[in-house]
Amino acid sequence: MEYLSDWTIVLLCFVSGLLGWHSLVEDPSASVPGWVTELAVIAHGVAWSSNIMATIGAWYSFFFYPICETLEGVNNWPWCYLEWYRLAEHGLNMLVLLGDWRWGCVPLRRKDLGWSVVFLETYAMWAWLIMFNTGRCPYDMFDFGTGWTEVPWLCAALAGIAACHMAARWMYAARDRSAGRDPEGGENDAISVNPGAKYESL
């Protein structure tokens, strides 16, 4: 769990499992606690923003900041197979999320933006803990050993994940409006019913 990509794929698996379980329950409003549904919706939004950011970061790293030597011990860019593995992993994550956007009913709410920022800052503190224990930081942007240049990098990362959330929220709002659903999840934060389904579908 050293890299942000580790966190994003674990989060995506958690969200997929939670949403899948919720949608298979015959009467989720009666058998699933409200806080679990709320957690699922919040985690869904964070999964989007964090995976967009991690994917952009992976491609930026591949072209402008290769880490082949760090990953494999030899600088053989662009034939570093672990770099291509990273890109494939992020690409598949985005396909899963795009499938959810196309066929799902879970809203991506404006009010959940702050949770994406909290998620990234939590990871930043985890990266600092690793740095204090091992002497190396997973990402230069979180490395206080580089001096004050770390501060604008951290601020840019926090602004970036907020922008990713808003971009994803714009996509979801357009989808929900075209389907006649409230982009913010409806009254009392209820989850819309998937047309044709016999259960309340997330």
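This is a predicted model: local features need pLDDT of at least 70, side-chain atom pairs count only at pLDDT 80 or more; totals for chains, interfaces and linings use all residues.
Residues are numbered from 1 along each chain as its sequence is written, and side-chain values use heavy atoms, leaving out hydrogens and water.

**The helix itself**
- α6 covers residues 113-134, 22 residues in total, with helices being DSSP runs (H or I, at least four residues) numbered from the N terminus.
- From first C-alpha to last it reaches 32 Å, close to the 32 Å expected (1.5 Å times one less than the number of residues).
- Its buried residues (under 20% relative accessible area, 1.4 Å probe, protein chains only) include F119, Y123 and W128.
- The buried residues of α6 pack against α1 (4-24), α3 (34-64) and α7 (150-178).

**Packing with α7**
- α6 and α7 pack at about 145°, axes 9 Å apart; axes are lines fitted to C-alpha atoms over the stretch in contact, and angles run from 0 to 180 degrees between N-to-C directions.
- The contact (heavy atoms within 4.5 Å) involves residues including L120 and W128 of α6 and L158 and H165 of α7.

**Packing with α1**
- α1 and α6 pack at about 135°, with axes 11 Å apart.
- On the α1 side, L4, W7 and L11 meet F119, L120, T122, Y123 and W126 of α6.

How values were computed. Helices (H or I, at least four residues) and strands (E, at least two) are DSSP runs, numbered from the N terminus. Buried means under 20% relative accessible area, exposed over 50%, partly exposed in between (1.4 Å probe, protein chains only).
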